[in-house]
Amino acid sequence: MNVTRKRIAAVLAVLALAAVTLTAWTGLASAKQTGTLTGAGSTFVVPLVTQWTQRYHASQVSYSGIGSGGGIAAITARTVDFGASDAPLTPDQASACKGCVQIPWAFSATSIPYHVSGVGYGLKLTGPILASIYLGTIGYWDNSSIKSINPGVKLPHEKIVPIYRSDGSGTSYNFTDYLSHVSKAWKNKVGKGTQPNFPTGVGARGSSGVAGKLTTTPGGITYVDVAYSLKNKFTIAKIKNRAGKFQLPGLVQIRAAADSIKKLRNSQNAFTAVDPNPRQPKAYPICTFTWVIIPQKTSKAPELKKFVDWALTKGQSYGPKLLFVQLPDAVKKAGRKTLAKVHT
C-alpha cells in the first residue's frame with residue numbers, strides 16, 4: 001500500500017512539474033507576441049540592429065537599411081514606426097517630422113580606406129590633409145605633406161581620386177562634420193551635411209557603391225563605417241588626433257573617444273563626437289553616434305519605449321564584437337530621459 005501511494009505521489013509531482021513548465025512556455029510565447037515594430041534608415045547601424053532584432057523578443061522588430069536620409073523621410077511620412085540616422089535632425093527636418101524625438105543609441109567610427117599602389121595598411125593622414133584632398137588642393141599621393149608624415153613609405157606619383165556618397169548619408173555627415181572641425185577652408189567652402197556639395201571626386205550610392213568604386217579605382221580614397229571596412233578587408237588609414245597621435249579605428253580607440261564625452265550641451269540630443277579633446281591620446285577622431293528617431297506621440301509608444309530602452313541597456317552588450325562601444329553614461333541618461341516623454 002505504501003509503495004502504491006509513493007507511486008501516485010510521484011506521478012502527481014511529475015504532472016505538477018509539467019503543468020508549471022507548460023505555463024512558463026505559454027507565458028514566454030505570449031510575451032513574444034506583444035506587438036510588431038518596423039524601422040528603416042542608417043546602413044551604418046545595420047549589423048547591430050540585426051543582432052537586436054534576433055535577440056529581442058517582447059516585440060517582433062524588422063529593420064531596413066536604406067540610408068539615413070531615407071530613414072528620416074520614412075519616419076517623417078510615418079511609413080515606419082522608427083527611423084535611424086547617423087546625423088541628427090536639422091531644424092527643418094525636425095519641424096517636418098512633427099513632434100519627433102531623437103535618441104543616440106549606438107556609437108562607432110568612420111574609417112578612411114584607400115587604394116594606393118604598393119602602400120600597405122595604416123598610412124598616416126591628418127584632418128587638414130583629408131580636407132585638402134576632398135577640396136582638390138592635394139592631387140597626388142606623393143604630395144610633400146603626405147610624404148613628410150610617412151617616412152619610409154614609398155608613395156607613388158599616383159592621382160588621388162576622392163570617392164564620396166552621392167545619396168543622403170549619415171556617414172557623409174560624420175565625415176564632413178569632422179572636416180569642418182579641423183579645416184576652416186572646408187567649413188567655409190563646403191560645411192557639414194548628409195549630402196554636401198563635394199567640390200571634386202566621384203560619387204557612388206551607398207556603402208556598397210563607394211566600396212565597389214574604391215576596389216576598382218587605383219589612387220582612390222573614401223569613407224565608410226569601420227565594420228564595413230574590416231568585413232571587406234580594406235586598407236585603412238591612421239588619423240592624427242588632437243593629442244598628436246595617429247590612431248586606427250579599433251575598439252580601444254573608439255571607446256577612448258566615447259570616454260571623452262562627459263558633459264552634454266544640447267537639449268535635442270544632437271551631440272557630436274568628432275575631434276575629441278587631447279586628454280584621450282588613444283581616441284580615434286572620426287567617431288559618431290547613430291540616433292533612433294521616433295514620434296513623441298504614437299500608438300506604438302509602449303512597444304517602442306520597451307525596445308529602445310532595451311537597446312540602450314541590454315542591447316549595448318552586443319556591440320563590441322561589431323565595433324560599437326557602450327554609450328557614455330551621460331548620453332544614455334539623456335536618452336532615457338527623452339524616451340520617458342514618448343506617449344500614446
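In this predicted model, Asp275 counts as buried, at 15% relative accessibility. Phi of Asp275 is near 50 degrees, a positive value in a residue other than glycine. Asp275 lies in the loop between helix 11 (251-259) and strand 14 (287-295). Lys233 also has a positive phi, near 55 degrees. Its place is in the loop between helix 10 (226-231) and strand 11 (235-236). Lys233 is exposed, with a relative accessible area of 76%.

The largest nonpolar core has 78 residues. Helix 12 (residues 301-312) supplies the largest share, seven residues. Phe82, Trp105, Phe107 and Ile112 are among the residues with the most contacts inside the core.

The structure holds 21 aromatic pairs. The rings of Phe107 and Phe289 have their centres 4.9 Å apart and their planes at 70 degrees, so this pair is edge-to-face. Phe107 sits in strand 4 (residues 100-111) and Phe289 in strand 14, 182 residues apart. Both residues are buried. Tyr134 and Phe198 form a tilted pair, 5.8 Å centre to centre, with 55 degrees between the planes. Tyr134 belongs to helix 5 (residues 127-135), and Phe198 to the loop between helix 8 (184-189) and strand 8 (202-204), so the pair ties together parts 64 residues apart in sequence. Tyr134 is buried, with a relative accessible area of 1%. Phe198 counts as buried at 7%.

Ring pairs also link a cluster that includes Trp52, Tyr56, Phe82, Trp105 and Phe307. Elsewhere, the charged end of Lys159 sits over the ring of Tyr140, 5.7 Å from its centre.

Methods
Residues numbered from 1 in each chain as written. Predicted model: local features only at pLDDT ≥ 70, side-chain atom pairs only at ≥ 80, totals over all residues. Heavy atoms only, no water. Core = buried A, V, L, I, M, F, W, Y, C linked by side-chain atoms within 4.5 Å. Buried < 20%, exposed > 50% of the residue type's maximum accessible area, 1.4 Å probe, protein only. Helix = DSSP H or I, 4+ residues; strand = E, 2+ residues; numbered from the N terminus. Phe/Tyr/Trp six-rings, centres within 6.5 Å; stacked < 30°, edge-to-face > 60°. Lys NZ or Arg CZ within 6 Å of the ring centre and 35° of its normal.
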